[in-house]
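Hi,

Here is the structure I promised to pass on. Have a look at it first, and then read my notes below.

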Amino acid sequence: YARGASSFNIGECSQITFIPDYEFGKCSMREIILPPGLTGIGDGAFQQSPNLRRIIVKGKTYDAGAVADLSNITKIGNYAFDGCKSLDNITFNASPSLKIGVSSFANCSSLAAVILPMSNANNIGESAFSGCTSLTEVSFNDSLTYIPSNSFSSTAIKKVIITGKEYTGNNYMPAGITYVGKNAFQDAKLSSLDFTKCRSLSYIDEYAFAQATIFSLLLPDGVEKINANAFNAAILPSLNIPDSVYLLGTNVFRNSSIIEISVSPNIREIPNGTFRDCSLLTSVELRNSSSSPCSITSIGDYAFKGCCSIRNTDFLSGADRLESIGSYAFSECCKENDGVKNIYGKVYYTGILDITLPNSVTDIGQNAFSENYSLETVNLGAGVKVIPKDAFYVKTKDISVLKKVILSDRLTRIESMAFSNNG
């Protein structure tokens, strides 16, 4: 009967303190009246009940319309309200000990705002609000210890409030945060997030902001690591990586829409695929400071492959410790200029024009600068000993515009096809 009813009333059942697992899952009900003594909701209790829009407590007065009063509930199980697409207004228990399970409110696509009182992030299950595509406002306890994995993926957060503090419009994140978990904001549509008050933030985990849209992101001094794919395919105009960061994972910004990046002087390696296919990237700063000169010693394979808006490698000029550049590191840093042809009647390319390497560079990987049809000048510095196979190879003849190459005095060997089809 309950699964087909539009309204269900257990408000008079004072002996009920807990709704068992999957009790009302896949129901058609629009409203349920709960007893005042109810304090717990089991796993999947209302899972996939898309019409449920009113959860009220016996003895209380409510306005008409959607409401979900969970203020007496101290524990909400895994998947408890997953897929309840009509819930748009939830009142949680105000106790910091409130526990919300894994995916408890996932895919509640009408949910617009939540107030989360807990300080211990262990009380927020992974993916708790994943898929809540209308979730635009979140209030946090300022002592929240971390952002759990997948917790806000595919949301649309525009406003972050710290409970008990005046909202200033900065979207400050809770000061107690120590890390941002895997996929925490993946595919989210965010306005801005400010972590500068999070003095204990130590790392941003894998895919934390992958595929997310972020108008502005500010990180604090003190963060040390940004793990693999953290911003993969993200739409993020610019980012300043604080001096405290010493480690980037692979593919951190791969295929993202980042335009400007400023890199910590304490990072020793730009790993494989870091900026691969960042086609809008135009400005790269490898920072030096009085206390920390640029520490980069290597640029990994595919690190800047496909960065077709970069015009030169001048940003390497202060990288005096740079020794090696990996395979395909700067390959395909160009794109076709539609409708424009060169003197041979071939397609004209725009992209990287000049490659100049610091004198400290001694090793270049295969295909490091291959398929760059816009490249005009190359200066390999004073340290390169070997130009490896296919280093500047281009596949199509008569399109290359390479005019000038300055070789190192220490050069001992040019391998096969190193400049094939150029000139």
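How many aromatic pairs does a search of the whole structure find? The search turns up 24 aromatic pairs. Before I go on, please keep in mind that this is a predicted model.

Start with Phe-253 and Phe-275, which are stacked, with 5.4 Å from centre to centre and 5° between the planes. This pair links distant parts of the chain, as its two residues are 22 residues apart. You'll find Phe-253 in the loop between strand 19 (247-248) and strand 20 (260-263), while Phe-275 is in the loop between strand 21 (269-270) and strand 22 (283-286). Phe-253 is buried, at a relative accessible area of 0%, and Phe-275 counts as buried too, at 1%.

Then go to Phe-330 and Phe-369. Their ring centres are 5.8 Å apart and their planes are at 15°, so this pair is stacked. Here the two residues are 39 residues apart, again linking distant parts of the chain. Phe-330 sits in the loop between strand 24 (324-325) and strand 25 (334-341), and Phe-369 in the loop between strand 28 (363-364) and strand 29 (377-379). Both are buried: Phe-330 has 0% relative accessibility and Phe-369 has 1%.

Next, the cysteines. If you go looking for disulfides, a search of the whole structure finds zero. Cys-308 is in no disulfide either, and its nearest cysteine sulfur, in Cys-307, is 7.8 Å away. Cys-27 is buried at 3% relative accessibility, and Cys-308 is buried at 7%.

There is also an open sheet of four strands, with parallel pairing and the order 2-4-7-9. Strand 9 pairs with strand 7 (residues 75-76) in the parallel sense, over two bridges. If you want to see the pairing up close, look at Ile-76, whose bridge partner in strand 9 is Ile-100.

Last, the largest pocket, which holds about 180 Å³ of space. Its lining has 15 residues, and those nearest the centre are Ile-162, Lys-165, Glu-166, Thr-168 and Tyr-172. By type, the lining divides into seven nonpolar, four polar and four charged residues.

Cheers

Conventions:
Residues are numbered from 1 along each chain as its sequence is written. This is a predicted model: local features need pLDDT of at least 70, side-chain atom pairs count only at pLDDT 80 or more; totals for chains, interfaces and linings use all residues. Side-chain values use heavy atoms; hydrogens and water are left out. A disulfide is a pair of cysteine sulfur atoms within 2.5 Å. Buried means under 20% relative accessible area, exposed over 50%, partly exposed in between (1.4 Å probe, protein chains only). Two strands pair if DSSP finds at least two bridges between them. On a 1 Å grid over the protein atoms alone, a cavity is a set of points where a 1.4 Å probe fits but cannot get out, and a pocket is an open set with protein on both sides within 12 Å along at least five of seven lines; lining residues have an atom within 4 Å of a point. Grid points are joined across faces, edges and corners, and a volume is the space filled by probe spheres set on the points. Ala, Val, Leu, Ile, Met, Phe, Trp, Tyr, Cys and Pro count as nonpolar, Asp, Glu, Lys and Arg as charged, and the others, Gly among them, as polar. Rings of Phe, Tyr and Trp (its six-membered ring) pair if their centres lie within 6.5 Å; planes under 30 degrees apart count as stacked, over 60 as edge-to-face and the rest as tilted.
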